[in-house]
Amino acid sequence: MLQFAVLAPFLTALFVPFFFRYIRTVHTGWFVLPIPFVLFIYFLSQMGSVSKGINISSVVEWVPSLEMNFSFYLDGLSLLFSLLISGIGALVTLYSIFYLNKNEKLNNFYVFLFIFMGAMLGVVLSDNVYGLYLFWELTSISSFLLIGYWYDREASRYGALKSMVITVLGGLSMLGGFILLSYVTGTTSIREMIAASDQVIDSPYFTGILLLILLGAFTKSAQFPFHIWLPDAMEAPTPVSAFLHSATMVKAGIYLTARLFPIFGGTDLFFILVTGFGLLTLCWGSYMAVRQTDLKAILAFSTISQLGMIMSMLGFGTKAAIFAAIFHIFNHATFKGSLFMVAGIIDHETGTRDIRKLGGLMTLMPISATLAFFGTFSMAGVPLPFFNGFLSKEMFFETSLHITSTSDLVTAIAPIIPVLAVLGSIFTFVYSMYFFFYTFTGNKKDELPVKPHEAPIGMLLSPIVLVVFVIVVGLLPNLINEPILTPAAIAVFGSAPGKHIAFWHGFAPQLYMSLTVVALGTVLFLTLKYWRKIYNWLPGPLSANKVYDFVNEGQYKLAERTTNSYMTGSLRHYVLYILVFLVGATGITLFVTEGFVIETDDLAPISWPEIAVGMVMAIAAFATIVMKNRIAAILVLGIVGYGLSLLFVFFRAPDLALTQLIVETVTVALFLLCFYHLPKLDTKKQPVGSRIVNMAISISVGVLVTMVAIASHSSKKFETIAHYFIKESHHLGGGDNVVNVILVDMRGLDTLFEITVLGIAALGIYAMIRLRKEEETD
Amino acid sequence: MQSNDIILKTTSAIIVFVILAFSVNLFLSGHNAPGGGFIGGLMAAGAFILLYISFGLKTMNKVLKVNFRYFIGVGLMVAFLTGIGSFFFNQPFLSHTFGYFHLPLLGKTELATAMFFDLGVYLTVIGVTMTIILTIAEDRDEDFVEGSK
């Protein structure tokens, strides 16, 4: 069944364009709406068995020889995420029906959205790491398409590209981690990898595996410093932001970290990286959120910060921390989803998302204001029993106080953690209040593009459902504890947390922490306009965005400069590179292998005529270099050719001598014919430097080739095959001219293709000259 | 332009046949003595070129209405079909055989299928050489005409 659950959104995506094309009167969203609902109900129906510890799995073979399969596995953790994806997916689809006009390119929207939904389900249900990676990249691609939905806007394209580059960078490094992981454990199944956890931790690749996989998780979940893509992804339509950038995709990294926690959990490196980056992200994200003026940007930084908080809880690695992390995953999805939808409603009904232009909307949009109230106060963790955010935040404080480890390093940094947690939460409180009060209270502004009014009920329905969850879970947290949270915690930690969620813990330290947050947060919020200037010097000019832009543009410039520096377009230079490489590579090889030996055993005696001819050839060859006249150079070159044919005579190769004689004549004649067209030989003086370089390279090539020739003569390893040819030429080939018998009979195929080459060359010359002539006459 | 190069023309007319005969001799004797299709072909091309030099392109084009480009195709075809031929005797591509026959006038003569292959080489080489040289020469000729205008 599971494979059909994953497949269903993809199939839906396939049919969306037909609905859009042929049924224009009805909003396309209505047709696809049932799918996530059905999926949600299906996953709900599995809840009973999963909470009893009966996990479902199903395998569809894909590339069995490489152990790459679509193997799906539903345990508590997958179930939690599947419920979030299908549930919020259904609400977002409903919301988008009212949010997006029928004139928009709805076919694109729903195709991308459903591909994303299927891919996300695939990520959380996959048990095979390669299947997981496949779906992981599909989420990156569909998210890229969704962010760039309004592709005629510059900012959308920039945001889409940025998120793509960063998440794919992480995705690829994650693939590297997976490959190492499956190499070390010898399996591609996550469950079997978990069973082989010791093997992974003891392996020499452990650090590499952990770093690569965490890089994937951190980029996807927008952890510092990879968080920069998320604020720019706010150019997407708001339903997309609500779905991808609050509830599902950004939690894929969280999911991955939680899923692989049984392998890595408990190691120092895991603790330091995950907790460290999580807390850093928590503080930085919440601090930066207060600076933003765009509603969605506030929410984006808020998401970053909340993800950091969840991540740091996973890093703590205690049983209670894991449980708190899972609880907060659920809570964050509910209140952040609703807040995004409210931000979308405000944008839709007032025409702006700029918080400086908004204010006093409470009376105009009472329902939205109520929804936002619950969302923001839950996010801030205000200690009232009907905010689910408070419950998980208090658990966060509690767990940050109880980090126990045998490692000295962990023990040393443990006291700082609660301080950072409180610090991040104070700013969380400030931006939550900032979001709510600056939008809904204060003076009404008149210059809004649209006259503000309450949104239609269809649009409000989805955030209402989510807020109901916020309140119900806040009031009765144990309602979801037994069926959802506990199985998920078991899936991550391995044993039941045995936790009863309660609002009141007595006068425990975490309560004082919460009260500190509220008190200091209130003070900071009320004095916001006095200390806001701080952003001018922190971060001030510092920004990870600048680094991204610098790297992004810098690499183009660097690549361009590098390419331009050696791809000069001058053939002279290219020949230079080739020869330098030849001399370098061959010379070094000759030197390293000690291949250069001289053996004088079987050298033939040299006669005077041979020396004479050789001398003449050498002189003629040298003369061609210094000739100032082209014709003269050709004729002198002819001397070399005829000298060669003489040498062939001396070395008793009559066929070669004859051929060389005629070919040399024909070549010289052709040169003379062609060179008639060329301009006078360029007598421009070259600079001394390049002449010396040319000379050095020419001489070294000559020396090298000579050395290779001597070395290859000196190290003959096998007896020559020539004896066979001489013996069998008459007997087998019926001829006494061994050369000719070899050419036409024994090695006839070579000759066949050589004459083919000649034919092609002739036709080529004919075509070149004739075509040029036709072009001229045209 | 009408120069008086009667000596050249007369000697060429005789020498061409000597060269052509030598070319055929090189070709035929290739199997047992230095020579063969390649050198023979080049030699024959040399003979034709001598004619072109002596009598000029225009005259030659009237007298020798041969398109040398066809030589390339025909030559390659002959060489290739020789190779195909060995398939009919269940032999690998380009297997050759030879035998001795009593021919009228020549007496006992060795005939080899390799000869057909060499004939292909011979024709191709003639075609290639002539095509290249004539194409370039004609090109140059027209440049002359254009230049004089």
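In this predicted model, helix α5 (residues 106-125) of chain A packs against helix α6 (residues 129-147) of chain A. The angle between them is about 155 degrees, and their axes are 8 Å apart. Angles over 145 degrees count as roughly antiparallel, so α5(A) is roughly antiparallel to α6(A). The crossing of α5(A) past α6(A) is left-handed. On the α5(A) side, the contact is made by Phe109(A), Phe112(A), Leu113(A), Ile115(A), Phe116(A), Gly118(A), Ala119(A), Met120(A), Gly122(A) and Val123(A). On the α6(A) side, Leu132(A), Phe135(A), Trp136(A), Leu138(A), Thr139(A), Ser142(A), Leu145(A) and Leu146(A) take part. By class, this contact of α5(A) with α6(A) holds 14 nonpolar and four polar residues.

From α5(A), the residues Phe109(A), Leu113(A), Phe116(A) and Met117(A) meet α12(A). Their counterparts in α12(A) are Pro239(A), Val240(A), Phe243(A) and Leu244(A). This contact of α5(A) with α12(A) consists of eight nonpolar residues, with no polar and no charged ones.

Helix α31 (residues 654-675) of chain A packs with helix α2 (residues 37-63) of chain B. Their angle is about 30 degrees, and their axes are 10 Å apart. That makes α31(A) roughly parallel to α2(B). The crossing of α31(A) past α2(B) is left-handed. Chain A contributes Asp655(A), Leu658(A), Thr659(A), Ile662(A) and Val663(A) from α31(A). Chain B contributes Phe38(B), Ile39(B), Leu42(B) and Met43(B) from α2(B). By class, the contact of α31(A) with α2(B) has seven nonpolar residues, one polar residue and one charged residue.

The peptide bond from Phe224(A) to Pro225(A) is cis, with omega near 0 degrees. Pro225(A) sits in the loop between α10 (206-220) and α11 (229-232) of chain A. Arg652(A) is not a glycine, yet its phi is positive, at about 60 degrees. Arg652(A) belongs to the loop between α30 (630-650) and α31 of chain A. Helix α31(A) is the one that packs with α2(B).

Chain A as a whole contains 35 helices and two strands. Its radius of gyration is 38 Å, well over the 28 Å that the globule rule gives for 778 residues, so chain A is more spread out than a compact globule. Along the principal axes, the C-alpha atoms of chain A fill a box of roughly 115 × 65 × 55 Å. An unreviewed UniProt entry annotates residues 64-110 of chain A as "domain: NADH-Ubiquinone oxidoreductase (complex I) chain 5 N-terminal". In the model, residues 64-110 of chain A are 62% helix and 15% strand. The end C-alpha atoms of this span lie 33 Å apart.

Chain B has four helices and two strands. From the N terminus on, its elements follow the order α-α-α-β-β-α. The radius of gyration of chain B is 19 Å, whereas a compact globule of 149 residues would have one near 15 Å. The C-alpha trace of chain B spans about 65 × 30 × 25 Å along its principal axes.

An unreviewed entry assigns "domain: Na+/H+ antiporter MnhB subunit-related protein" to residues 7-131 of chain B. Over residues 7-131 of chain B, the model is 69% helix and 10% strand, with end C-alpha atoms 27 Å apart. For "transmembrane region", UniProt (unreviewed entry) lists residues 12-30, 36-57, 69-91 and 111-134 of chain B. Residues 12-30 of chain B are 95% helix and 0% strand, and their end C-alpha atoms lie 26 Å apart. Residues 36-57 of chain B are 95% helix and 0% strand, with end C-alpha atoms 29 Å apart.

Key: Residues numbered from 1 in each chain as written. Chains lettered and ligands numbered in written order. Predicted model: local features only at pLDDT ≥ 70, side-chain atom pairs only at ≥ 80, totals over all residues. Heavy atoms only, no water. Axes fitted to C-alpha atoms, helices over the stretch in contact; angles between N-to-C directions. Parallel < 35°, antiparallel > 145°, perpendicular 65-115°, else oblique. Left-handed = near helix turned anticlockwise from the far one by under 90°. Contact = heavy atoms within 4.5 Å. Nonpolar A, V, L, I, M, F, W, Y, C, P; charged D, E, K, R; others polar. UniProt positions renumbered as here; feature names shortened; annotations may be inferred. Rg over C-alpha atoms; globule rule 2.2 N^0.38 Å.
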